[in-house]
Amino acid sequence: MRKNTNAPEASARLKKQRFGVAWKTVLGICFIFPVIIAFLFSFLPNDKLLGLPTLQTFFEHFTFENYKWVFANIPIFKYVTNSLQMCLIVIVAQSITACLAAYAFAFFKFKGKDTLFQIILIAMMVPGEVCTICNFLTVRDMGLVNTMMGLTIVSLVSCNSIFMMRQSYLSLPGEMREATMMDGCGEIRYMLQFAVPLSIPTIASLAITTFISVFNAYLWPLLVSRSPEHYTVQIGMALLVDHEVPTYGRQLAGAVLCMIIPIIFFVIFQSYMVKGLTKGAVKG
C-alpha cells in the first residue's frame, strides 16, 4: 500500500499557518494595548490615575465624570464639525486635482512632461514641516488666517495623490483606451466613464489616508485658527491639558473621543485601502 506523502507536508503547512495566526494576534494585541489602556483609564477618577490602577480599582471607581466634563466644558461637536468640514474639502479637492493631473501624466505627451513628473517625485520627499513658515506667511498675506480656506488651502493638491492615480491609470489595459478612441470617445468622456470608475479603489484608499492625516493635523490648524469658532478637534482636545493640575482622566477621555471617528472610517473602508495600494503595483 502506497504511503500518503502529502500528509507530513499538510501537517507542516497547518502548523505554519497556526504559528502565523498566533504571531499576528500577539502583534495586534501589542499594537492595540495602549489604546485599550487609554479607553479603560478614561473611566477612572483623576486621583486613581496618579498611581497604578488595578482591575479591582476599575470596577470599584468606574465613572463617566471625565466624559461629562469634556462634553460640558468643551464644544467638541463644533470642533468635530470643523474637522469633518476640513476633511471633506481637502478630499474632494485632492480627488479632482489628482484625477485630472494624473490623467495628463499617464496618457498625454507634451514638452516637459518627464521633468514635471520628476519635480512631483522630488516634492514627495520634502517633509511638509519644511514649508510651514513659508506657507503661513503666504496665507497671512492673503488674509486667510482664521478661515476655513486658510486651513485647507495648503492641502488642496497632493503630489502623493497624483502619483498614485497615475500608477492606477497606467495599470488599465491600453487596448481598452485605443478601442474607445476608435469608437469616437473623447479624452474627457474616457476619463469620466472608464478611467475614474475603474480607479475607485485607489481614490478610496487616498481618501482614507487623507482623512486620517487631515483629521489628526495639529500644527497647521494651531497656526491658522485664532478663534474657538475655527478650532479643529485636535486643537480643542489640547485645551484639556492643564499645566498646573494633572487631569489625566479628562485628557484620556478627549483622546478616546478623537480616535472614534478615524477608527470607524478606517474599519469601514479598509478593504478599499488594500485594493487601492496594490492596484497600481503591476502595469496591465
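I will go through the cores, then the cavity, then the pocket, and finish with one serine. Keep in mind that this is a predicted model.

Start with the packing. The largest nonpolar core has 34 residues, and those touching the most other members are Tyr67, Val70, Ile74, Val233 and Met237. Two or more residues of this core come from each of helix 3 (65–73), helix 4, helix 6 (132–141), helix 7 (148–152), helix 11, helix 12 (219–224), helix 13 (233–238) and helix 14 (248–279). Helix 4 is the biggest contributor to this core, giving 7 residues.

Take Tyr67 from that list. Leaving out residues up to four places away in sequence, Tyr67 touches Phe39, Ser42, Phe43, Ala253, Val256 and Leu257. Apart from this core there is another one, of 22 residues, which includes Ala98, Cys99, Tyr169 and Cys185.

How many cavities of 30 Å³ or more does the structure hold? The count is 1, and the volume of the largest cavity is about 80 Å³. Its lining consists of Ile91, Gln94, Ser95, Ala98, Cys99, Ser161, Met165, Ile203, Leu206, Ala207 and Thr210. At least two lining residues come from each of helix 4 (76–107), helix 8 (159–170) and helix 11 (200–215). Helix 4 supplies the largest share, 5 residues. Sorted by class, the cavity lining has 7 nonpolar and 4 polar residues, with no charged ones.

Next, the open space. The largest pocket holds about 980 Å³. It has 29 lining residues, and nearest its centre lie Gly128, Val154, Ser155, Val157 and Ser213. Helix 4, helix 5 (113–124), helix 6, helix 8, helix 11 and helix 12 each give two or more residues to this lining. Which helix gives the largest share of the pocket lining? That is helix 11, with 5 residues. The pocket lining divides into 17 nonpolar, 11 polar and 1 charged.

Last, the serine. Ser199 sits in the loop between helix 10 (187–198) and helix 11. Is Ser199 buried or exposed? Its relative accessibility is 0%, so Ser199 counts as buried. The side chain of Ser199 makes a polar contact of 3.0 Å with the side chain of Ser168. The Ser199 side chain also reaches the backbone oxygen of Ala195, at 2.9 Å.

That is what I have; questions are welcome.

How values were computed
Residues numbered from 1 in each chain as written. Predicted model: local features only at pLDDT ≥ 70, side-chain atom pairs only at ≥ 80, totals over all residues. Heavy atoms only, no water. 1 Å grid on protein atoms, 1.4 Å probe; cavity = no way out; pocket = protein on both sides within 12 Å on 5 of 7 lines; lining within 4 Å. Points joined across faces, edges and corners; volume = space filled by probe spheres on them. Helix = DSSP H or I, 4+ residues; strand = E, 2+ residues; numbered from the N terminus. Nonpolar A, V, L, I, M, F, W, Y, C, P; charged D, E, K, R; others polar. Buried < 20%, exposed > 50% of the residue type's maximum accessible area, 1.4 Å probe, protein only. Polar contact = N/O pair within 3.5 Å; in protein donor to acceptor, adjacent residues only side chain to side chain. Core = buried A, V, L, I, M, F, W, Y, C linked by side-chain atoms within 4.5 Å. Contact = heavy atoms within 4.5 Å.
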